[in-house]
Amino acid sequence: MDQLTTSRLVLRPWSEDDRAGFEALAADPQVVRYVGDGSAWTRERVDDVFERQVRHWRDHGFGWRSAALAATGEWVGFVGLNHVGPEAVEITTHEVEIGWWLRPAMWGQRLATEGAIALRDEAFARVGLQRIIGRHQPANVASGRIMTSLGMTFERDATGRHGETVRICALDRAAWERAVALD
């Protein structure tokens, strides 16, 4: 549960210190436009998801990680690795998902990719998972590119709880091991 570091990021376990930043992200129309129905989250939903992620760390020893710039300590968002929540009707809750939300001012700098690679590697190396998935709406081309950068491949399209199309991509341990061996 220690922090992870990359060349530009410090990724520390999710904690109460992240509540205000998460609340701001969930209220930002740019950040949530490809999440569910694209609406800003209510305070109740923010609190529910936030508390669920704090419990996830306690119960599983992995989860969302707060992302800050290594050089300045500036909070940029989070990169997450978690069991899929009950709101994900398009997949079963035994799956473990990787995802990310960054402040829009940080977009386009490959920070999400950098953080996601660190969590992908943690998923297989430290946590010992056999598979991870990622979900994104097809219009969210940037997230699709990040998933490709992680070595994930398209698995299927599904329908989310608001009727939105959700693209599901996956990476298994064997494919990760092959990719890491090539690095």
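Helix α5 supplies the largest share of the lining of the largest pocket, seven residues. Helices (H or I, at least four residues) and strands (E, at least two) are DSSP runs, numbered from the N terminus. The model is predicted: local features need pLDDT of at least 70, side-chain atom pairs count only at pLDDT 80 or more, and totals for chains, interfaces and linings use all residues. Residues are numbered from 1 along each chain as its sequence is written, and side-chain values use heavy atoms, with hydrogens and water left out.

The largest pocket has a volume of about 1200 Å³. Among its 50 lining residues, Val35, Trp100, Trp101, Asn140 and Ser143 are the closest to its centre. A pocket is an open set of points on a 1 Å grid over the protein atoms alone, where a 1.4 Å probe fits, with protein on both sides within 12 Å along at least five of seven lines; lining residues have an atom within 4 Å of a point. Grid points are joined across faces, edges and corners, and the volume is the space filled by probe spheres set on the points. The lining divides into 22 nonpolar, 17 polar and 11 charged residues. Here Ala, Val, Leu, Ile, Met, Phe, Trp, Tyr, Cys and Pro count as nonpolar, Asp, Glu, Lys and Arg as charged, and the others, Gly among them, as polar. Elements that each supply at least two lining residues include β4, β5 and α4 (111-125).

Strand β4 (residues 75-83) is largely enclosed by the rest of the structure, because seven of its nine residues are buried. Buried means under 20% relative accessible area, exposed over 50%, and partly exposed in between (1.4 Å probe, protein chains only). Strand β3 (residues 65-69) runs antiparallel to β4, joined by four bridges. Two strands pair if DSSP finds at least two bridges between them. Ser66 stands opposite Phe78 in β4. Five residues separate the strands of this hairpin, and Gly73 takes a positive phi near 80°. Strand β5 (residues 96-102) is also antiparallel to β4, with seven bridges. There, Val96 is the bridge partner of His83.

Glu122 is found in helix α4. This residue is buried, at 6% relative accessible area. Its side chain makes a polar contact with that of Arg65 (2.7 Å). A polar contact is a pair of N or O atoms within 3.5 Å; within protein, one must be able to donate a hydrogen and the other to accept it, and residues adjacent in sequence count only if both atoms are side-chain atoms.
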